[in-house]
Amino acid sequence: MSHLSRTLPDNTRIFVDAGNGWSWATHYLTRANSEGLYRIAMGYGSMAWSIGAAIGSAIANPAAPTLCIVGDGSYLMSAQEITVAAQQKLPVVFLVLNDSAMGMVMHGQMLGQQESIGWELNDVNYALMAQAMGVDGIVIDSPEQLDALDYAALFQKNGPTLLDVRIDRNEIPPMGDRIKGLAVNGSATPGG
């Protein structure tokens, strides 16, 4: 997120999906001048909303740089929507945080001392998945590869780009307040 803070054009429209990306972006993605260009759905935490929202925003203003930050779990729910961006030749950048997990679920269960179940995803190469749909896909395994990206060029393309950013699933996102909010009688464990 600090990389994005340093490198994105100031007028980038940013759509952040539910999940760990939500926690990371809320705490570490700083924008000097967001003026409504940073979108996050805080209501019910519905997954996958950002994909269609980013595409719709780019249709409304294709000249505006548009970034969708989405976790791999959310992306799997609506991955085919990237074909709309391809058909409309929209230069949306989809940044998929790939840890092969429903991270918010995994960390929530761990931090809340709950049973660990239902969070693991298959290892998916989202860049290859995008390429299979006619979209440029790039795997990012290191900070150096991230630093080498030319966002200005990506936002000028004649179609979308998917960045398959491999992240450490064991890095705990800043979500302590969420766990406290789920607590029962002041404890995150049932009956506590």
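## Aromatic pairs

Three aromatic pairs turn up in a search of the whole structure, where rings of Phe, Tyr and Trp (its six-membered ring) pair if their centres lie within 6.5 Å. The structure is a predicted model, in which local features need pLDDT of at least 70, side-chain atom pairs count only at pLDDT 80 or more, and totals for chains, interfaces and linings use all residues. Residues are numbered from 1 along each chain as its sequence is written, and side-chain values use heavy atoms, with hydrogens and water left out.

One of the pairs joins Phe-15 and Trp-49: the ring centres are 6.4 Å apart and the planes stand at 65°, so the pair is edge-to-face (planes under 30 degrees apart count as stacked, over 60 as edge-to-face and the rest as tilted). Phe-15 belongs to strand S1 (residues 13-16) and Trp-49 to helix H3 (residues 49-60), so parts 34 residues apart in sequence are tied together. Helices (H or I, at least four residues) and strands (E, at least two) are DSSP runs, numbered from the N terminus. Phe-15 is buried at 7% relative accessible area, while Trp-49 is partly exposed at 24%; buried means under 20%, exposed over 50% and partly exposed in between (1.4 Å probe, protein chains only).

Tyr-75 and Tyr-126 also pair edge-to-face, with 5.9 Å centre to centre and 85° between the planes. Tyr-75 lies in helix H4 (residues 72-78) and Tyr-126 in helix H7 (residues 126-132), so this pair ties together parts 51 residues apart in sequence. Both Tyr-75 and Tyr-126 are buried.

## Salt bridges

There are three salt bridges in the structure (a side-chain nitrogen of Lys or Arg within 4 Å of a carboxyl oxygen of Asp or Glu). Asp-147 and Arg-6 form one of them, at 3.5 Å from N to O. Asp-147 sits in helix H8 (residues 143-147) and Arg-6 in helix H1 (residues 2-7), so the parts tied together are 141 residues apart in sequence. Asp-147 is partly exposed at 46%, and Arg-6 is exposed at 56%.

Lys-157 bridges to Asp-136, with the closest N and O atoms 2.5 Å apart. Lys-157 is in the loop between helix H9 (151-154) and strand S6 (161-166), and Asp-136 is in strand S5 (residues 136-140), 21 residues apart. Arg-166 and Asp-164 meet at 2.9 Å, N to O. Here Arg-166 is partly exposed at 33%, whereas Asp-164 is buried at 0%.

## Whole chain

The protein chain has 10 helices and six strands. It contains 192 residues, of which 44% count as buried.
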